[in-house]
Amino acid sequence: MVKSTRITNAIRALRFARGEMTQAELAERTGVTRQTIIAIEQGRYSPTLEMAFRIARVFGVPLENVFQYPKNEGDGP
C-alpha cells in the first residue's frame, strides 16, 4: 500500500486554467512520464525540489502556488 504525502498541489487546477493542458503535455514540458505527473497530481508521490520548480515554471507561478505543505501546531510563522 502506498502512503500519500502530506504535500498537496494545485496542478490539476493550473492545467485547466492553462487551456486544459493535458498531463502528457505537462510531462513532456517537464521531462518526466505522464505516470509521474499523475502520481504527483494525486498526491501519491512527492516531486524532487528540482521537479517542483520545473512544474511551477511551466505554469509561470511561484512554487507556493503549485505546492502546499500543511502547517502543524508549533511550527514557525
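User: Is Thr30 buried or exposed?
Analyst: This model is predicted, with local features needing pLDDT of at least 70, side-chain atom pairs pLDDT 80 or more, and totals for chains, interfaces and linings using all residues. Residues are numbered from 1 along each chain as its sequence is written, and side-chain values use heavy atoms, without hydrogens or water. Buried means under 20% relative accessible area, exposed over 50%, partly exposed in between (1.4 Å probe, protein chains only). Thr30 has 2% relative accessibility, so Thr30 counts as buried.

User: Where is Thr30 found?
Analyst: Helices are DSSP runs (H or I, at least four residues), numbered from the N terminus. Thr30 is found in helix H2.

User: Which residues of helix H2 are buried?
Analyst: H2 spans residues 23-30. The buried ones are Gln23, Leu26, Ala27 and Thr30. Down the axis of H2 they fall within an arc of 100° (taken from the directions from the helix axis to the C-beta atoms), so these buried residues line one face of the helix.

User: Which exposed residues does the face of H2 turned away from its buried side carry?
Analyst: Look at the face turned away from the buried side of H2. The exposed residues there are Glu28 and Arg29.

User: Which residues does Thr30 touch, not counting residues up to four places away in sequence?
Analyst: Contact means heavy atoms within 4.5 Å. With residues up to four places away in sequence left out, Thr30 touches Ile37, Met51, Arg54, Ile55 and Val58.

Methods:
Helices (H or I, at least four residues) and strands (E, at least two) are DSSP runs, numbered from the N terminus.
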